Amino acid sequence: VSDSKFSRYHDPSAFPLNAVETVKRHAEWFFAGKKFDTSEAISLLVQEATRGGAGAVKIDTERGWVSITADVDWLEGDVAAFFAPLSYLAGGRNSSRVEVALTAFCDAVVTATSKGVFEVKSGEHVTELHELSTEGRTVAFLPPLEERPPSLEEAKTAQPQTTTLRLVQGEGAERISAAVASFLEKQQSA
Amino acid sequence: VLEPPDLKRVFGSERERGRALAEFLLACLALDDWQTVAFSRRPLPQDRRALLQSAEPGDSPELKLGRWVALYEDELIAVFESRNRIEHGLRISDGELRGAHWLATHLLELLQPVAVT
């Protein structure tokens with residue numbers, strides 16, 4: 001179709017419709033050093049959470065993962081910010097939530113509220129993550145390998161203790177568990 | 001007595017998980033086919049009729065299939081929801097996959113005695 005007058009519609013680079021791919025090419029939109037920076041990402045997330053009304057924000061680093069937990073859900077139940085640069089009122093004019101940068105640059109991203117866990121970006125590492133549960137919101141991300149804090153070098157080589165670590169996908173797991181119980185009940189009464 | 005799956009047990013390796021995932025998706029294809037046939041209101045194809053011949057005297061393959069769809073409607077919905085999450089690129093938990101795989105296999109075994117591999 002290269003000689004067609006419509007050929008430009010077949011060139012994916014002509015129309016950057018994929019917001020995450022676009023952010024990947026523009027790290028400078030979020031990070032002063034023009035590349036993903038874990039500390040800056042944490043600071044932007046904390047800023048978002050506090051501007052969103054959080055009274056307490058907790059930062060944890062474990063096994064290479066960084067998690068930020070706030071006592072309120074600063075995204076108000078909407079995970080769209082993980083998939084496109086979205087501005088927010090409290091951030092002011094030209095603001096952008098930083099969650100999309102996590103999706104673009106990190107190896108894995110998971111978020112959780114009291115309603116369950118939502119896996120934003122999959123990776124084999126996700127099963128190494130602690131169970132997440134929070135009354136507000138938790139955002140956990142696995143920075144790219146070169147960006148993981150030096151203090152976590154030891155954790156990088158540690159063997160995952162799969163007996164104590166497990167990802168829980170909230171409603172899906174509960175729904176299947178209930179369906180299995182219902183099936184067994186029907187079989188017993190048959 | 002049917003043993004329930006241990007939904008708290010994680011898969012030992014990605015390979016084991018991958019196998020369960022493949023078997024689950026394969027079972028879902030078969031379940032989807034059965035459900036389509038059940039809802040089609042057309043006479044059962046001969047090959048499917050043969051699979052349902054173990055129906056009790058006085059029962060018919062059509063009745064057996066209709067009963068299966070009605071009785072296990074909630075379980076089928078739960079299985080297809082898990083399948084949909086997978087098809088949308090979400091990584092479901094080990095417990096959900098283990099449960100969904102177990103459920104899909106047993107739902108299928110009620111209709112066709114051949115194990116899904």
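## Salt bridges within chain B

In this predicted model, Asp33(B) and Arg48(B) form a salt bridge in which the closest N and O atoms are 3.8 Å apart. The pair joins distant parts of the chain: Asp33(B) belongs to helix α1 (residues 14-39) of chain B, Arg48(B) to helix α2 (residues 46-51) of chain B, and the two are 15 residues apart. Asp33(B) is partly exposed, at 40% relative accessibility. Arg48(B), by contrast, has a relative accessibility of 18% and is buried, because the term applies to values under 20%.

Another salt bridge of chain B links the side chains of Arg85(B) and Glu96(B), with an N to O distance of 2.6 Å. Here too, distant parts of the chain are linked: Arg85(B) lies in helix α4 (residues 73-87) of chain B and Glu96(B) in helix α5 (residues 94-109) of chain B, 11 residues apart. Arg85(B) counts as partly exposed, with 24% relative accessibility, whereas Glu96(B) is buried, with a relative accessible area of 0%.

## A salt bridge within chain A

In chain A, Asp73(A) forms a salt bridge with Arg137(A), and their closest N and O atoms are 2.4 Å apart. Asp73(A) sits in the loop between β2 (65-70) and α3 (99-105) of chain A, while Arg137(A) is in strand β5 (residues 137-142) of chain A; the partners are 64 residues apart. The relative accessible area of Asp73(A) is 22%, which makes this residue partly exposed. Arg137(A) is buried, at 2% relative accessibility.

## The interface between the chains

The contact involves 24 residues from chain A and 30 residues from chain B. About 2,200 Å² of area is buried between the two chains, and carbon and sulfur atoms give 65% of this area. Two salt bridges cross the interface. One of them joins the side chains of Lys186(A) and Glu75(B), at 3.0 Å from N to O.

Which element gives the most residues to the side of chain A that touches chain B? The answer is α5(A), with 12 residues. By type, the residues on this side of chain A comprise 10 nonpolar, nine polar and five charged.

## Totals and cysteines

Over all chains, the structure contains 13 salt bridges and zero disulfides. Among the cysteines, Cys106(A) is buried at 1% relative accessibility, and Cys28(B) is buried with a relative accessible area of 1%.

Definitions and conventions: Residues numbered from 1 in each chain as written. Chains lettered and ligands numbered in written order. Predicted model: local features only at pLDDT ≥ 70, side-chain atom pairs only at ≥ 80, totals over all residues. Heavy atoms only, no water. Disulfide = S-S within 2.5 Å. Buried < 20%, exposed > 50% of the residue type's maximum accessible area, 1.4 Å probe, protein only. Contact = heavy atoms within 4.5 Å. Buried area = accessible area lost by both parts, 1.4 Å probe. Salt bridge = Lys/Arg side-chain N within 4 Å of Asp/Glu carboxyl O. Helix = DSSP H or I, 4+ residues; strand = E, 2+ residues; numbered from the N terminus. Nonpolar A, V, L, I, M, F, W, Y, C, P; charged D, E, K, R; others polar.
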